[in-house]
Amino acid sequence: MSALYLARGASKVVRRITSETSVELKILSEKWQLLLAGLVFQYIHGLAARGVHYLHRPGPTLQDLGFMILPELGKERGYISETLFTFIFLSFVLWTFHPFILQTKRFYTVLIWRRVLAFLCASQFLRIVTFYCTQLPGPNYHCREGSPLARLPQPQNVAEVLLINFPRGVIYGCGDLIFSSHMIFTIVFVVTYQKYGYIRFIKMLAWCIAIAQSLLIIASRKHYSVDVVVAWYTVNLVVFFVDKKLTELPDRSAGSTSVLPVSMKEKESKLKEDKTRLLNGNSVDSADWRPWTQMNGKHIENGNHLDTEATKT
C-alpha cells in the first residue's frame, strides 16, 4: 500500500511539474526580453568589477567603526559569510520554483524573476557608478599591501578582460567596494519574499539572516561598514521606486490567468472582433469611456467636431 501511495504521489508531482512547465514556457515566450537583458547585465556587472580591479591600489586599511566593534574573524574563517550567502541565494532560488511542485502558488516563476532582475540591475548600475567614482584600498586580506592579488597586471589582450577569470576573478576581486554586492542580492531577495511570501516566521527569520549577513561581511573584513550601510538604504529605495513602475504580479491564488499569452487563433479572433466593433462605431478599448458618435462621416467627441469641412470653409 505504501508503495502504491508513493507511486500515486510521484505521478501527481510529475503531472504538476509538466503542467507548470507548459504554462511558464508560454509566459517565457512572450516575456523573455527583460529576463535576457537582466542576465546580460549580470555579466556587465562582473566585467565592471573586474575592470576596477586594474585600478585598485592597495594601502593602509581605513579607520572603520564596524572594525572597531566587531572582532575580526580571520582569514581562515572568512568562509562563514560566503556560506551564509550561498544558503540565502539557494533558498530564494528554490522558493521561486516552488510553483512547479506545490499545489499552493501565488506567482509565476518567470514573472517574479523578471521583477527580481529589474531590482538587481538598477542597484548594480548604481553600484558600478559609485565604485568607479572613488577607489578605496580594499580591507580584504588578498587586497592588502604585500598580497600578489592586490594589483592586477595590465591585460595582454581583450579576451583576458572579457573572460573576467570566473569564478576566481569574482572571489578575489578588489576595488569594487561601495556598495556591497552581497547585500544587494540579500536585500532584494528578502524584500521580495516579504511581499510575495506567505509564512510570517520565515519573513522575520529572513530579516534576521540579512542582519547577520551584514555583520559577518564586516567581521570578515570583506567590506567597510559604509559599503554595507549604503547598501541597506540604497537597495530598499531602489526596490521601492522600481516596484512602483512595474506592473503588479497577478495573484494566482485568486485564479488569475490574464497574464497567459494567447494563441494565434485567439489573436485573430480578437482582431476580427475589434474590427467589427470599429465598423459598428463602438470603442475597441473598454478603458476609453468617452462617448463617440458619427455624423456625416465625421467623428464627434463629447459633442464637438474633431475636424469638419465646415470649420475649414
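1. A disulfide here is a pair of cysteine sulfur atoms within 2.5 Å. By this rule, the predicted model has one disulfide. Its partners are C143 and C174, with an S to S distance of 2.0 Å. In the chain they sit 31 residues apart: C143 is in the loop between helix 5 and helix 6 (158-162), and C174 is in the loop between helix 7 and helix 8. Both cysteines are buried. The torsion about their S-S bond is about -95 degrees, so this disulfide is left-handed.

2. C121 counts as buried because its relative accessibility, 15%, is under the 20% cut-off. C133, at 61%, is over 50% and therefore exposed.

3. Now for the nonpolar core. Which residues touch the most other members of the largest core? They are V188 and F189, in a set of 49 residues. Helix 1 (2-30), helix 4 (79-96), helix 5 (109-133), helix 8, helix 9 and helix 10 each give two or more residues to this core. Another core, of six residues, lies apart from it and includes F41, V52, I128 and F131. Leaving out residues up to four places away in sequence, V188 touches V116, F119, L120, V235 and V239.

4. Two spots in the backbone deserve a friendly second glance. Most residues other than glycine have a negative phi, and most peptide bonds are trans. The bond joining I178 and F179 is cis, with omega about 0 degrees; F179 lies in the loop between helix 7 (168-171) and helix 8 (181-196). R221 has a positive phi, near 60 degrees. This arginine lies in the loop between helix 9 (200-219) and helix 10 (225-245), and R221 is buried, with a relative accessible area of 5%.

Technical notes: Residues are numbered from 1 along each chain as its sequence is written. This is a predicted model: local features need pLDDT of at least 70, side-chain atom pairs count only at pLDDT 80 or more; totals for chains, interfaces and linings use all residues. Side-chain values use heavy atoms; hydrogens and water are left out. Helices (H or I, at least four residues) and strands (E, at least two) are DSSP runs, numbered from the N terminus. Buried means under 20% relative accessible area, exposed over 50%, partly exposed in between (1.4 Å probe, protein chains only). A nonpolar core is a set of buried Ala, Val, Leu, Ile, Met, Phe, Trp, Tyr and Cys residues joined through side-chain atoms within 4.5 Å. Contact means heavy atoms within 4.5 Å.
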